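Keep the structure open beside the text as you read.

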Amino acid sequence: MFTTTKKSTTNKGNARVWIEGKDLIAFGVSKGDGFDKYILNNMVVLKFNSEGRNKVSGSDTRPVIDLNGKFLNPYLLGSDFYRVGFIKANETKENNQDLITIEKVA
């Protein structure tokens, strides 16, 4: 598992999450990979799977996950930073999918 901290931004008044490039590549995420979004314990969780309703955009050399909208506001709006955690499926007993967690930094 590794984490990184990002500066919070907004788009049209709603919280925005932007994860790109080297962090995603290091985690093994590529353009076109599927994931599903969940809210769990006051954090946003992205579960990667081939049938995911959302897709990683960008390019082969710079994959991008861009999340924004009202659903993020209760968890991220008003904070200066958010923390992104990258957890591989084999790092926990409870999980069989790669995860990215996103949570507000106090």
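Start at Asp23: apart from neighbours within four places in sequence, Asp23 is in contact with Phe2, Thr4, Lys6 and Phe86. Please keep in mind that this is a predicted model. Asp23 belongs to helix α1. Is Asp23 buried or exposed? Its relative accessible area is 12%, and because buried means under 20%, Asp23 counts as buried.

Six strands form an open sheet in the order β1-β9-β10-β5-β4-β6, and their pairing is antiparallel. Its edge strands are β1 (2-7) and β6, each of which pairs on one side only.

Let's look at the end of that order where β4 sits. Strand β4 (residues 34-40) runs antiparallel to β6 (residues 54-55), and two bridges join them. Within this pairing, Gly34 has Lys55 of β6 as its bridge partner. Towards strand β5 (residues 43-48), β4 is again antiparallel, here with six bridges. Lys37 stands opposite Leu46 of β5 in this pairing. The hairpin of β4 and β5 leaves two residues between the strands, and Asn41 takes a positive phi near 50° there.

Next, find Thr101, whose place is in strand β10. Thr101 has a relative accessible area of 10%, so it is buried. Which residues does Thr101 touch, not counting those up to four places away in sequence? They are Met43, Val44, Val45, Arg83, Val84, Gly85 and Ile87. With Val44, the separation along the chain is 57 residues, yet the two C-alpha atoms are 5.8 Å apart.

Now for the nonpolar interior. In soluble globular proteins, nonpolar side chains tend to be buried together. Here, the largest nonpolar core has 21 residues, and those with the most contacts inside it are Ile19, Leu46, Phe48, Ile65, Ile100 and Ile102. Two or more residues of this core come from each of β3 (14-20), α1 (22-27), β5, β8 (63-68), α2 (73-76), β9 (81-87) and β10 (99-105).

Phe48 deserves a stop of its own. Leaving out neighbours within four places in sequence, its contacts are Phe27, Val29, Asp33, Gly34, Phe35, Val56, Ile65, Gln97, Asp98 and Ile100.

Finally, turn to the empty space. Rolling a probe the size of a water molecule over the atoms shows where empty space is left. The largest pocket holds about 210 Å³ of space. It is lined by 13 residues, and the closest to its centre are Leu40, Val45, Lys47, Asn95 and Leu99. At least two lining residues come from each of β4, β5 and β10. Which element gives the largest share of the lining? That is β5, with three residues.

Technical notes. Residues numbered from 1 in each chain as written. Predicted model: local features only at pLDDT ≥ 70, side-chain atom pairs only at ≥ 80, totals over all residues. Heavy atoms only, no water. Pairing = 2+ DSSP bridges. Helix = DSSP H or I, 4+ residues; strand = E, 2+ residues; numbered from the N terminus. Core = buried A, V, L, I, M, F, W, Y, C linked by side-chain atoms within 4.5 Å. Buried < 20%, exposed > 50% of the residue type's maximum accessible area, 1.4 Å probe, protein only. Contact = heavy atoms within 4.5 Å. 1 Å grid on protein atoms, 1.4 Å probe; cavity = no way out; pocket = protein on both sides within 12 Å on 5 of 7 lines; lining within 4 Å. Points joined across faces, edges and corners; volume = space filled by probe spheres on them.
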